[in-house]
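Biologist: Before we look at any detail, could you take me through how one reads the features of a model such as this?

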Amino acid sequence: MEVSRVIALVAATMTTGLSAGLFYAYACSVMPGLRGTEDRTFIDVMQRINVAILNGWFLLGFVGALVTTAVAVVLHLPADGRRGLPATVAALVCYGASLVVTRRINIPLNDALAAAGDPSRIADPADVRGRFETRWVRWNVARALLCTAALGFLCWALVLHCDTAG
């Protein structure tokens with residue numbers, strides 16, 4: 001059981017770190033880099049990114065964080081693992097909240113951007129961008145903060161686990 005707990009915590013920490021890093025990278029580089037581009041260019045790039053990101057490597061971190069953190073919670077339910085349980089549960093709650101934000105806000109915005117069609121044929125690209133950019137960026141920062149909090153809680157769970165084991 002002890003080895004399983006460590007493996008689950010490390011896997012949860014790593015996959016959550018991947019998701020936190022992804023959202024952080026968007027917040028501090030991708031979106032600021034696109035801020036000064038022309039509207040059609042912005043729409044084109046974001047449409048391409050939204051298609052390209054749907055791959056196995058992305059899903060490994062994005063879904064893996066949820067699964068491995070949930071497994072870590074379950075493995076910490078027995079009495080001898082409860083010291084790290086609150087931090088692990090907090091991580092699951094934070095990561096789950098980031099998924100809610102993604103599902104309820106960012107994905108619908110991505111879908112609306114895709115539905116706008118070929119950027120060269122959009123009659124009012126400034127309007128399409130305006131309905132997308134500010135809201136998407138704001139909620140991406142929320143996802144980055146939630147995932148970073150989840151990562152911090154998982155790091156704390158590892159510290160508690162090592163403190164107990166040592």
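This is a predicted model: local features need pLDDT of at least 70, side-chain atom pairs count only at pLDDT 80 or more; totals for chains, interfaces and linings use all residues.

Biologist: At what angle do the axes of H1 and H2 cross?

Modeller: Axes are lines fitted to C-alpha atoms, for helices over the stretch in contact, and angles run from 0 to 180 degrees between N-to-C directions. The axes of H1 and H2 cross at roughly 140 degrees and come within 9 Å. That makes H1 oblique to H2, since angles under 35 degrees count as roughly parallel, over 145 as roughly antiparallel, 65 to 115 as roughly perpendicular and the rest as oblique. Tyr-26, Val-30, Met-31 and Leu-34 in H1 meet Phe-42, Val-45, Met-46 and Ile-49 in H2. By class, this contact of H1 with H2 has 8 nonpolar, no polar and no charged residues, where Ala, Val, Leu, Ile, Met, Phe, Trp, Tyr, Cys and Pro count as nonpolar, Asp, Glu, Lys and Arg as charged, and the others, Gly among them, as polar.

Biologist: Does Thr-69 count as buried or exposed?

Modeller: Buried means under 20% relative accessible area, exposed over 50%, and partly exposed in between (1.4 Å probe, protein chains only). Thr-69, which lies in helix H3, counts as buried because its relative accessibility is 1%. Not counting residues up to four places away in sequence, Thr-69 touches Ala-12, Thr-16, Gly-64, Thr-88, Ala-91, Leu-92 and Leu-154. Ala-150 lies in helix H5 and, at 0% relative accessibility, counts as buried; leaving aside neighbours within four places in sequence, Ala-150 is in contact with Thr-16, Ala-91, Cys-94 and Tyr-95. Over the protein's 166 residues, 40% count as buried.

Biologist: Where is Gly-117 found, and why does Gly-117 count as partly exposed?

Modeller: Gly-117 is found in the loop between H4 and H5, and Gly-117 counts as partly exposed because its relative accessibility is 27%. Not counting residues up to four places away in sequence, Gly-117 touches Gln-47 and Ile-122.

Biologist: Which residues lie nearest the centre of the largest pocket?

Modeller: On a 1 Å grid over the protein atoms alone, a pocket is an open set of points where a 1.4 Å probe fits, with protein on both sides within 12 Å along at least five of seven lines, and lining residues have an atom within 4 Å of a point. The largest pocket is lined by 20 residues, of which Asn-50, Ile-53, Leu-54, Ile-107 and Asn-110 lie nearest its centre. By class, the lining has 13 nonpolar, 5 polar and 2 charged residues, and its largest share, 6 residues, comes from H4.

How values were computed:
Residues are numbered from 1 along each chain as its sequence is written. Side-chain values use heavy atoms; hydrogens and water are left out. Helices (H or I, at least four residues) and strands (E, at least two) are DSSP runs, numbered from the N terminus. Contact means heavy atoms within 4.5 Å.
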